[in-house]
Amino acid sequence: MTVPALTLSASGRPAGDSDTGDTGRAGAPGDAHSILERQRARESSARTYARSFPIVPARAHGMTIEGVDGRRYLDCLSGAGTLALGHNHPVVREALRRTLDSGAPLHVLDLATPEKDDFTDALFETLPPAFADRARVHFCGPAGTDAVEAALKLTQTATGRRGVLAFTGAYHGMTAGALAATGSVAVKEPVPGGGAAGGEVTRLPYPYAYRCPFGVGGERGAELAATYTERLLDDPSGGVVRPAAMILEVVQGEGGAVPAPDSWLREMRRVTRERGIPLIVDEVQTGVGRTGAYWAIEHSGAVPDVMVMSKAIGGGLPLAVIVYDRDYDGWLPGAHTGTFRGNTLAMATGAATLRHVTREGLAERAATVGARMSARLNGLRSELPLIGDVRGRGLMIGVEIVDPEGPLDSCGSRPVAPGLAARVQEGCLERGLILELGGRFGSTVRLLPPLVITDEEAESVLERLTEAIAEAAKTAATATAKSAGVSGRAA
């Protein structure tokens, strides 16, 4: 299959678009191998995406990436959800040019600038009114994990308490406090203490219908998760000292695109409010229209005390903030600071992106296209039994790959199949489709296309993914048959 027709100029813009300052190709076709070899030799062993995608991007536009070898790919990763408008969107490029041409200072620590003021206006315009009316914003270091640290520090300062309530399957970042709140054992085990420098973390069950922690699944599983949380907090022998905050994701991204039921979210808001526990909602990946609402928490109607924001709010450039209820604004000057809190370019591109998403109704578009894609994938489950579950919200979709021959558990779910999931990912890359894996054991194929994905591109994504799953199923069936033949002959 081929990528939907798109001819790129050397600058990465569609052919016919005018541009200046063309410096030619980033590398000749023969350069890809040597560039990848140098990367392996010089970069740390902690590199991640480069291992899954041995390509060298040279240009990109919209949903299309072109490598130095001239091969093109549909990008269904979007910078792990950062590129709400895809690559090099005209709105973003214009904001960059305008800011650069204006002579605005590009680095000003946390001083006020017209660009910062405008970004704050644009951001507050997107917030639920009940939250915006009482909101304060704090600009953090340019990564979501620093914003998580700021949120934890804010609530610890306001309450005078240290503990944090966090959930199974959670991902909040890689710095100490954020890592402690993260659920993944694999990233915590190599770090002495598991990154628990930020205080004691109490791990609570997140509702996960397909692999319910209580073994019942569905709405009942979510009800039990809420009941367990409330009773644990009220049990004088439960071992939980009243914490500084609860932190949660409305849809767990790295956890496998697992969406929380709206009813459960409302219960968490009730439980925390009644006990004087601040509720932090991590919207780093779910924000800016990704789930079909501007902010994912809006689906439930719950109003948090703190929202953590990064990724798409910068329009593709590094930017992170927390927005919180003014009652928690008890910090002293310099309580959470950082050199790169004043990224003028990111504020300009961020404001342009936030307004474009609103103006073009891209959150509603994400809901429509996401529902259509999820329905198509769900319809393939009987034909392709490697698909155990299809879930998510909007354009944040997870397809859990399972062993179709494995035993059913108490929820009717098959065992995880990370090896098959890896084959699916490889098959997609061979077909010109970039997507990531996540979830338990890396067995969930994750789709995070830009909100500007066209109907044609959505169709192409589904076709390529379907072909890759079918190929992985065929390979697995062949391997099983050969294994059975060998066993039979041995007997």
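Predicted model: local features only at pLDDT ≥ 70, side-chain atom pairs only at ≥ 80, totals over all residues.
**Helices, a pocket and a cavity**

Trainee: At roughly what angle do the axes of helix 4 and helix 12 cross?
Mentor: Roughly 145 degrees, and the axes of helix 4 (residues 90-102) and helix 12 come within 9 Å. Axes are lines fitted to C-alpha atoms over the stretch in contact, with angles from 0 to 180 degrees between N-to-C directions. Helices are DSSP runs (H or I, at least four residues), as are strands (E, at least two), numbered from the N terminus.

Trainee: And how do helix 5 and helix 12 cross?
Mentor: Helix 5 (residues 114-126) and helix 12 (residues 344-359) have axes that come within 8 Å and cross at roughly 30 degrees. On the helix 5 side, the contact is made by Glu115, Lys116, Asp118, Phe119, Asp121, Ala122, Leu123, Glu125 and Thr126. Helix 12 brings Thr344, Met347, Gly350, Ala351, Leu354, Arg355 and Thr358.

Trainee: How do those contact residues divide by class?
Mentor: For helix 5 with helix 12, there are six nonpolar, four polar and six charged residues.

Trainee: What about helix 10 and helix 11?
Mentor: Their axes come within 10 Å and cross at roughly 10 degrees. Ala222, Ala225, Ala226, Thr229, Glu230 and Leu233 of helix 10 touch Trp264, Glu267, Met268, Arg270, Val271 and Glu274 of helix 11. Seven residues of this contact are nonpolar, one is polar and four are charged.

Trainee: New topic: how many residues line the second largest pocket?
Mentor: There are 20, with Pro207, Gly218, Glu219, Ala222 and Pro261 nearest its centre. Helix 10 (218-234), strand 9 (258-259), helix 11 (262-274) and strand 13 (387-393) each give two or more residues to the lining. The largest share, six residues, comes from helix 10. By class, the lining has 12 nonpolar, three polar and five charged residues. The volume of this pocket is about 330 Å³.

Trainee: How many cavities of 30 Å³ or more are there?
Mentor: Two. On a 1 Å grid over the protein atoms alone, a cavity is where a 1.4 Å probe fits but cannot get out, and a pocket is an open set with protein on both sides within 12 Å along at least five of seven lines; lining residues have an atom within 4 Å of a point. Volume is the space filled by probe spheres set on the points, joined across faces, edges and corners.

Trainee: What lines the largest cavity?
Mentor: Thr82, Leu83, Ala84, Leu85, Gly86, Val92, Ala312, Gly315, Gly316 and Thr353. That lining has five nonpolar, five polar and no charged residues, around about 40 Å³ of space.

Key
Residues numbered from 1 in each chain as written. Heavy atoms only, no water. Nonpolar A, V, L, I, M, F, W, Y, C, P; charged D, E, K, R; others polar. Contact = heavy atoms within 4.5 Å.
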